[in-house]
Amino acid sequence: MLFTPHTSKACHPSPLRGVDQLSAAACVFGILLSCGSTNAAFAAHDSLTEADLLSDIPVISVATGMDQALNRSPASITIIDQQMIADSGALNWVDVFRLVPGFQAYAVNANRFAISYHGVGQEFPNHLEVMVDGRSVYEPIQSTVIWSSLGIDLDDIERIEIVRGPNAPTQGSNAFLGAVNIITRAPIQDAGTRLKVISGDNRTREVALRHNNNLGTADYRLSVNYRHNNGFPDIDAFGPDDGEEALSFALRTTLTPNLNNSLDVDVGFSRQDTEFGYPSSTEEFIPVRYYSQYQRLHWDHLVSDKQDFQLQFYRNYFRAYGTANLGLLSTLVPPFLFGAPFNLVDQPFIFGFHTMESERYDLEGRYRHQFSDRLKWTVGLGARHESVDSTLFLGDRGKVDEQSFRIFSHSEWSPWQRLTFNAGMMVEHSIQGTLISPRLSLNYDLHPDHTLRLSGARGKRTPSITETNERLVYRAGDLILEDQRRTEELDEEQITNIELAYLARLPDHNMTLDFKLFWEEIDDGLEDYKESFNDFPANLDTSRLVRDNIATWETRGAEMELTYRPGDHTYIRLHYTYLDLDSELIQTLAPLTFTDVDNSMPRHAGGLLVNHRLNDAFSAGVTLYHQNEVEWLSGDFIDEFTRLDAQITYRFKTGSSAGKLQLIGQNLGDNYNEFYEENVFETRVLLKATLDFP
Amino acid sequence: MELLAIKSREGLVKRIGGCHRYLRWGLIVFILSCGSAQANTVRLLVSGEQNYYRETQQHFSSTLLALSPDTRIAVTVLGDSAEQNALLAPWPEDIIVTIGTPATELAYQNRSGKKTINLFITSDVWQRLEGETPDQKNVASVVLDQAPDRIMLLARILAPNARKAVTVTGPISSANIAALEQSAANLNFTLAAKTLSEHDNPVAAMSPLIKNSDVFVALPDSAVFNRATAKWALYLGFRSKIPVIGFSKAYTDAGALASIYASPSDIGRHGAELTADALLETKAFSAGLHHPRYYTLHSNPSVAKALNISLPNESALYKMYEDALVKRP
């Protein structure tokens, strides 16, 4: 038992407030466990009954379902499995999320990705919760997900579960617009060693090694990955390239001491060296090193065939370091700064964000009970301690800590065979106060294979530590000038969402269709407006950014996802998104002026994936993605583009080993731009080889 | 056809103390009548409101009325209280049909000497009840679980070259090892079986077993045992590229290559045919245990693809299975 109230040190008073509160939560879970960990689960049975024969078996691996059948889910859900990733020839996160309706995925720099759902094209999208095996990887320091620091090899992914819609009632504040859970392959699932090598244009080199084995009674998977590329070729032509050199390591371990308990112990780190900056001024590119590490413990306890309990504890640590030496000040700033009152001394000008760090401890317990085949219930408690340390973002405040607590519950009730109600709620308590995010849905089966869903959700999002405390200060020689950026007293952002969805499963035609119409409104959205101040001399910029709850976004649209298997060897997947954004933001307070960003979502976007297995050795496929023109909020106007990728795969066996060669052609048509007009994506050809040793 | 509440006709409400209590117990009593004065009558006792009971009831009723249109079916859905359910007996109808274990137990407790047909129970429950009240000459039971030879036959069809079959058993299914071994031998399999207790490490126990096998056969045990072992069996099966043969639709959906099981419609149909035979006296009443006459095969093409196994479509699989059933040793 992990947290027994009588033995755990965590239950005793601690001088650290955050840890003390986490301890309290641990105690609560300990008590829960002591109640639930009896061996009643395997108490002697008189006889086998029909309920035993018909009981649920948790879905794993190749199956695409979840604990909750898709036609009973309160939200639209997309599942991207390993086969789909392989069939699409995806090589990075942008490639993967362009398979999902409603998502915007782009490369801000060649190796710095931004992904959002119904997003407006921010450099740091902040409304999508992303988890890896249930561990949140949302970074409070930049209020976004640093995708390149996840340290996950795409080959290690079992499936990605994507909730397309506000999911704060289940995952909390950061799942404001949607949630993603990346589920990696269980160590027990594979055996032996896999070697993967990718080589191709832009000096792309990737070597990955995965080894599965067992040590005593523990099964483990060890993954090591090295990546290198030179980034966008055109960026390379102007100055420093925006390539990367990255290394990651992950160890996932599963222990199964007995039939009703299993324990996962995961550790990992990743390091990426790349360039950060605006490609229109590559001379100001900052070489940056992202470093992250994590530790995770997850315990599954089967109380009975109808009840289980999960406890998870993890720690994330993230550090980014970035500085650039731009040369002597005298070559960069006007001469008058060397006189009074600034009295600047000529010296090397070091530019960048230096070091920023964040750390998170999170503990969560979750209990699930299936009362009958008509009523399921989940309840959970969580506690989190986060800290952020950055001179750039927080000025002289240095390190800032924050604790938050959450309790959540969800129930699924089917009063009649065709009708399912879902009701869920999250209550979060943080420095911001207590936030309540509810959701209600009604699913009606027109026919066992045709379901209508009507759902409504309210979500609230607490601004992250950095959003709340950010303050940028300019120092010019002896003179400390007023903040270049300041933050007002922030309130929570709020979202209201209504969806009408239709889900069809046509097993006779091997077809599924997921279609939804939605309306959502974000109020009190966080954005920046400009304000003038007088501290700077007139010949310097006298405006600064102020963050406040000044934005309203109202989005209407439709999303469609269709899969079709016309035969055993062919797979077709089509998706389409229509987005209509009506927005209003304060541009300046004095005088009061407004602006909008209505063109910051692509109105039409969609994709097609076709894969055909020609025989046991060869398969071929194409992936098509089209996006309308868009004026990204923090990026450039990007003209509409269509990207066509194609793959040919050859599978072979040599001795006791199996191998796969995949020739991937990316963007076989015209060049297009990623986020900034200087980021020109050209045609690329790559070869991917994998070899599995027993 | 008309649907009438019969509470006043049978004085049932009076017996159990008024409409409120009647509703509170969750007792719902209906008549499905065809309007004939000399109709055969059947009392259908349903164990609860679960979907699988309802589906069995629907298929039983529709099949029986097609075979014997003059039949009147009175349906009683049991409540949660065994004491109050016991007050429902005796039943005046010609034949008693039960669906599910609670209803079957109630019928055994209230032996009337009338012909009774029990549906949707397991052979385990049947053996227990027969042991408690032997020599039930007027009781026939259609059980849910498939005979071991049917499971092994599916394994043989889907893994024609397999030599070694393995299984793990729990406290209940360990009793079936001998029968499974015999079935395996008849189909040229050698069977290795291991019995797991709750203290066993499932992966450590199953890993060497599955690694040295050609096919894994899952036997039903208690629901919690099934759930605790299925995940690891499926993972290990994938790892060793060994197909898993399951015993339910849920098992196949979770990752087994295929399953054979009796669905509610299979049981309802079989039960209705037995009932019609008894009502119309077209055949001598066959007391005792009946394995399901009809069965459902459910396969998972995604698993077949992952294991690189050539899987016929379900209609072709049915044909192959039927042919093999006829030709089996």
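Modeller: In this predicted model there are 16 cavities of 30 Å³ or more, a cavity being a set of points, on a 1 Å grid over the protein atoms alone, where a 1.4 Å probe fits but cannot get out. Local features need pLDDT of at least 70 and side-chain atom pairs count only at pLDDT 80 or more, while totals for chains, interfaces and linings use all residues, and side-chain values use heavy atoms, with hydrogens and water left out. Residues are numbered from 1 along each chain as its sequence is written, and chains are lettered from A in the order in which they are written.

Colleague: What volume does the largest cavity have?

Modeller: Its volume is about 680 Å³, where a volume is the space filled by probe spheres set on the grid points, which are joined across faces, edges and corners. The lining, meaning residues with an atom within 4 Å of a point, comprises 44 residues, and those closest to the centre are A:Leu91, A:Asn92, A:Phe113, A:Asn229 and A:Glu244.

Colleague: Which strand gives the most to that lining?

Modeller: Strand 12 of chain A does, with 4 residues, counting strands as DSSP runs of E of at least two residues and helices as runs of H or I of at least four, numbered from the N terminus. By class, the lining of the largest cavity has 17 nonpolar, 14 polar and 13 charged residues; Ala, Val, Leu, Ile, Met, Phe, Trp, Tyr, Cys and Pro count as nonpolar, Asp, Glu, Lys and Arg as charged, and the others, Gly among them, as polar.

Colleague: And the second largest cavity, how much space lies in it?

Modeller: About 320 Å³, lined by 20 residues, of which A:Ser173, A:Asn174, A:Arg384, A:Ser404 and A:Glu428 are the closest to its centre. Strand 19 of chain A gives the most to this lining, with 4 residues, and the classes here are 5 nonpolar, 8 polar and 7 charged.

Colleague: Switching to the interface, how many residues does the contact take from chain B and from chain A?

Modeller: The contact (heavy atoms within 4.5 Å) takes 56 residues from chain B and 49 residues from chain A. Between them the two chains bury about 4700 Å², 61% of it on carbon and sulfur atoms, buried area being the accessible area (1.4 Å probe) lost on being put together, summed over both.

Colleague: How many salt bridges are there between chain B and chain A?

Modeller: The count is 2, with a salt bridge taken as a side-chain nitrogen of Lys or Arg within 4 Å of a carboxyl oxygen of Asp or Glu. One of them joins A:Asp308 to B:Arg227, whose closest N and O atoms are 2.6 Å apart.

Terms used: On a 1 Å grid over the protein atoms alone, a cavity is a set of points where a 1.4 Å probe fits but cannot get out, and a pocket is an open set with protein on both sides within 12 Å along at least five of seven lines; lining residues have an atom within 4 Å of a point.
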